[in-house]
Amino acid sequence: MRIDFSLNGKKVSTDTPPEKRLIDVLREDFGLLSAKNACYSGECGSCTVLLEGQTIPACQIPVFTIRAKHLITMEGFRGTEKYLDIINAFSEAKCTPCPFCFNGKVFAVDRLIDNRRSPEISEIMALLSDHACGCASVSSFIQGVKYAFQNRELRGELLR
Amino acid sequence: MPDTHKDKRFICDYYTPGMIIIRIIRASVPCGNIIKINIPELKGDAGIIQFGDIPKNRCLKVFSKEMPILSDGNIRYEGEPILLLYGSNEQQIEETEEQISIEYDTDYTIKSMEIYTEDQIDREINYQRGKPDKNFEKSFRIIEEEYTTDAQNHYDLEPQGAATVISKKKLEITCATQWPFNVRDNVSACIGIPAKDVTVNVPAMGKTHSGKLWYAGLLACYSAIVTWKTKKPSICIIPKTDSILYTPGRAASKFKFKTGLDEDGKILSRSIDITIDSGAFPMLSEEMINRICFSAAGVYSTPALRITARSLITNRPPSGAFNGMGFHQSFFATESHSNSLAAAAGLFPSEWRLKNVAKKQINLPMGWESRKPMQLEILLDTVLEMSDYTRKYAAYKLAAVKQNVFSGKKRGIGISVCCQGNGFMGKVEENEKYTVSARLDNDDKLSIMTSAVPENFQTAMLWKEIAGKILEIVPADIKIETTDTSLVPDSGPSLFSRNITIIIQLIEKCCNAIKKSRFRLPLPIEVKRSFRLPRTNGWNPETFSGNPFPVVSWGAAVVETETDPINLTTLVRGVWFAADCGKILNRELAEAEIESEIYRSITSSTIKPPVKKYTEKGIPLTPAQPAMNISITTKFIDSKELKSGGLGELPDSLVPSALLEAISTAMNTKLTSLPSSSEHLFRQLNHKEKEKIEN
Amino acid sequence: MIKNRRSPLVYYPKTVNELLQLYKSMPDSLLFAGGTEILYGRREKYPVLPNNIILLSRIEELAAIKRSEGYLEIGACAKLNKILGIGEHVLKPALYQAIKSIATCEVRNLATLGGNICSSYRKKTLFPLLTLLDTRLELRKHGGSRWINLKKYMIESEGLQPGEVLTRIRIPFNNFNNQAFVITGDLKSDYHNAMTFAFIASVQKEVLSDIRFSIGFSNNSIFRVRDFEDALSGRKLPIFGLTEDPVYNRLTTALKSNDIEISPFRRQQIEGMFLSFLHQLNDTL
């Protein structure tokens, strides 16, 4: 089945069995390896991508559901100002998530700090519970998220 | 910084369409014989590999132990690999997989740890020091108790697997392993080609907790066999569920203690009976049982001691190293037992520990020959002070007696003390000639060659910093070659904090040797160094005498909890942690490691994952992490040890007993098995209630 | 001999009428909303799906959320996170908490309320609470529609008929000024052993005018003792010493009845949870 959609800002098309999971289409048909295929159950968060601006687990949907939709993966997100808000904050807080959970955590933090209010500890802990990996220290991650929010807020003010 | 992550490739990133995919067909019964395998007609390039199709050596070897690469017709555990199905069309392979059926003859008794026979015993140790029986006679009171720990699975985030390609008539394996040379040797033996014709590359890996020690070799063999047969690149990645259920996890264990105390509450004599479940193939049972025996009596002065320990072969998946390989189980049991001893002696758990901890190494249960003074009292005092333990314990103990569901959440506090043995026990390090080499090139750039796999990029950074300091080179000019067995010497498996203790020592030795001849000899200079135990160690595995470890780390912790008396769930309020682990190379890294291990340990001590087959829904696939923000305070005391010791295993040895003691204090009960879920706590409370009524 | 599996045909209706027509002509097709339940726990790269799939997410009407004077009306395909976006002050604490307890935030961006109700597996999360709130469902099929109480929907003969689709969920606004939704165990890592408790009560002028509570169990059954609730409603607060009251037997007898198997641990938890909620009500005075 031919499926057209927008991937990282470009119109793309793929001919693939419609039941194939989105994560495998991204990795195999487009060679985008940032999102990982680990649990196939939507539990670990390492396959997170942005579908119409919303974070979703790419392992939980067959590719037919994304026809004519806009999709952003870490490859497209990397280099954006939103990405830099987070990556600079992580660097400042000495938070170093491993390359496997990195994708999911960055997208989840982006979703959390977009709320226009400072994230609460309980929200950050819930995020960590959803993206449990055990690689980075919890306290540095909490600090990283707070800095990321400050970065975004500051940039928002500058834009205004 | 994390932005470099874009170049990191995990094993799952090595798949490209067109590669041969391998699926493992596993046994669905725990024991029995295969009668018949029904295989549908295969299409295209699909094929099957069974035990008889393995070209040469059909067993995987780890030290002196072996296990069949595929089942030889006899099933020894549920999930044992029976055959490999391969082909390049994944959709077709998935369809074929569904249609393969296997018939078994299962008229056998399942071997378990609970009731065992003599022929199940793989290894038994009988150790005695002093005169335990005589000392029991002299004892003022004798306390007998039993503790159990369950098997524990790995919940690694990334999948396990291996990929193989043939390049210039050589087999190139890419495999997420902590022991590349073991993979190389096993692949070369199984295919029947010289070891020099096999190279092993290690891709990026997440935190492993020793789950990728030897199991990766099995997957590498599968991939190598298929590539050897088809002459095409192949990849074998196991599903997450298989990885959880069959990756060698932590062995279940049972401890029976009998301890005699004098009038002051000091230990006079101890007798410990230990049983561990090594699973169907006891691949590492020798090291495991030695480590368990070594740590079973804790870090207390013990004038007389008797230990009987056995590792059993059962119809469970093989057990593996898993962080500490026995220290975790031992310290949970012995530290929990210490709390009962304190109660029997009428002392606070902290007081009893301060009274009984060994002051010199020679007073330790196993009586190390070294007379180095120890700092256990300082460690205990540090955590007691940081946590305000004594006041809290007294208050919580009092409050616990007034049991009322509506009087709010119940607080409790627990303490524990332990040690961590870094590196293998005794001569293994020396006998295997594990080596690191370094080369200073003409352009003053340094290359460090080691097969040790760094846990994360910080470990590699640490190595660079240390080498850079000695040779006065900036880390940017140092290259660490770790990933290809054709370029690096065998530095042994990466576990037991060897990357910090052994590998760093070897890097230092190499760099110091280069430094000496740097301005005397022309560049490039290449130096190789192998590990040697200090002469003073003199560990004798037969008599359990001497000092078995190159470096030992020590730790103490206090855990404070809050338990909901209605649903019996527990929230950890705080953890206070003190350690003496030699020279601290990077404080931030050390604290981060301790913090993440504390979180993991709390989860595994209180949540009992449901054991299910992968076909059932609801098996948790992620490393569960409690959504609670725990206040963790860490302090490293000034160490008398000049070398660096590991610390990653300390939380797993300290937290479980302290946590369960805290819950026990809060709920006025005694928890004796690990993990202890809320259901378990209820059964315990209910049992106590019944006993009260009967009396 | 392996037959080649046929890839499914996917239909993308844009209106409810299109959907109903399609479903009538292909009653065996799979209605695909968020898809989280369909692929959950399956490890195949190419999951076997029915030959015809009707994708519901393109029908705007099904994702709409409306507020009227008396109720909140949620389209069956409204994503759970979108519902949370309405805010806790509208949803009320119990429903807000209940939705938030479902899966991860990423999954809630896909999962729908209709999916949660129609799933045979996830009865534990929202069902106990939605039944207490007198939730009604709109079931439509080509040429007709009906409104049904959620409780009735659970009875097999009353549930979805062939060709019928769940289109709207109507939750009446209520004046239960005391609410709680509590989970024991971990729904995410140990769904089977976790239990959910939903409590709602209305307290007016120190009188407990209405109290309801229900519990979601491991086997997806829901526990509720109506006669016990009725006996308590209308009583003056504070209520002390309820366990000594003969009325309390209604609860304990129901817990011990053979209809539902409840372990002693669960019994204690349920009683404890209820009494603790009552305690909270006493404290509101």
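This is a predicted model: local features need pLDDT of at least 70, side-chain atom pairs count only at pLDDT 80 or more; totals for chains, interfaces and linings use all residues.
Which residues of α3(A) are buried? They are A:D85, A:I86, A:I87, A:A89, A:F90 and A:A93.

Now let me step back to the whole of chain A, which has six helices and five strands, and which, if you read along the sequence, follows the pattern β-β-α-β-β-β-α-α-α-α-α. The radius of gyration of chain A is 16 Å, close to the 15 Å that the globule rule gives for 160 residues, so chain A is as compact as a globular protein of that length. Along its principal axes, the C-alpha trace of this chain spans about 45 × 35 × 20 Å. Of the 160 residues of chain A, 58% count as buried, and if we take the contacts in chain A between residues at least 6 apart in sequence, 62% of them join residues at least 24 apart.

Chain A also touches chain B, and this contact takes 37 residues from chain A and 33 residues from chain B. On the chain B side, helix α14, residues 587-606, gives the most, with six residues, and by class that side has 15 nonpolar, eight polar and 10 charged residues.

Turning to chain B itself, the domain assignment gives domain 1 (2-108 + 154-246), domain 2 (324-332 + 348-425 + 548-694) and domain 3 (428-530). The C-alpha centres of domain 1 and domain 2 of chain B lie 38 Å apart.

In soluble globular proteins, nonpolar side chains tend to be buried together. Here the largest nonpolar core has 317 residues, and of these B:I507 and B:A557 touch the most other members. If we leave aside its neighbours within four places in sequence, B:I507 is in contact with B:V436, B:A438, B:I448, B:W463, B:I466 and B:A467.

Is B:S677 buried or exposed? B:S677 lies in the loop between β26 (673-674) and α16 (678-694) of chain B. A residue counts as buried if 20 or more other C-beta atoms lie within 10 Å of its own, and B:S677 has 20, so it is buried. The C-alpha atoms of B:S677 and B:T606 are separated by 4.9 Å, although these residues are 71 residues apart along the chain.

Finally, chain C is divided into domain 1 (9-55), domain 2 (60-172) and domain 3 (178-284). The centres of domain 2 and domain 3 of chain C, taken over C-alpha atoms, are separated by 23 Å, and the contact between these two domains takes 15 residues from domain 2 and 15 residues from domain 3. On the domain 2 side, α6 (93-100) and α9 (127-132) of chain C each supply at least two residues, and the largest share, five residues, comes from α9(C). By class, that side has eight nonpolar, four polar and three charged residues.

Technical notes
Residues are numbered from 1 along each chain as its sequence is written. Chains are lettered from A and ligands numbered from 1 in the order in which they are written. Two residues are in contact if their C-beta atoms, placed from the backbone, lie within 7 Å. Helices (H or I, at least four residues) and strands (E, at least two) are DSSP runs, numbered from the N terminus. Ala, Val, Leu, Ile, Met, Phe, Trp, Tyr, Cys and Pro count as nonpolar, Asp, Glu, Lys and Arg as charged, and the others, Gly among them, as polar. A nonpolar core is a set of buried Ala, Val, Leu, Ile, Met, Phe, Trp, Tyr and Cys residues joined through C-beta atoms within 7 Å. A residue is buried if 20 or more other C-beta atoms lie within 10 Å of its own, exposed if 12 or fewer, and partly exposed in between; C-beta atoms are placed from the backbone. Domain bounds come from an automatic or database domain assignment. The radius of gyration is taken over C-alpha atoms; the globule rule is 2.2 Å times the number of residues to the power 0.38.
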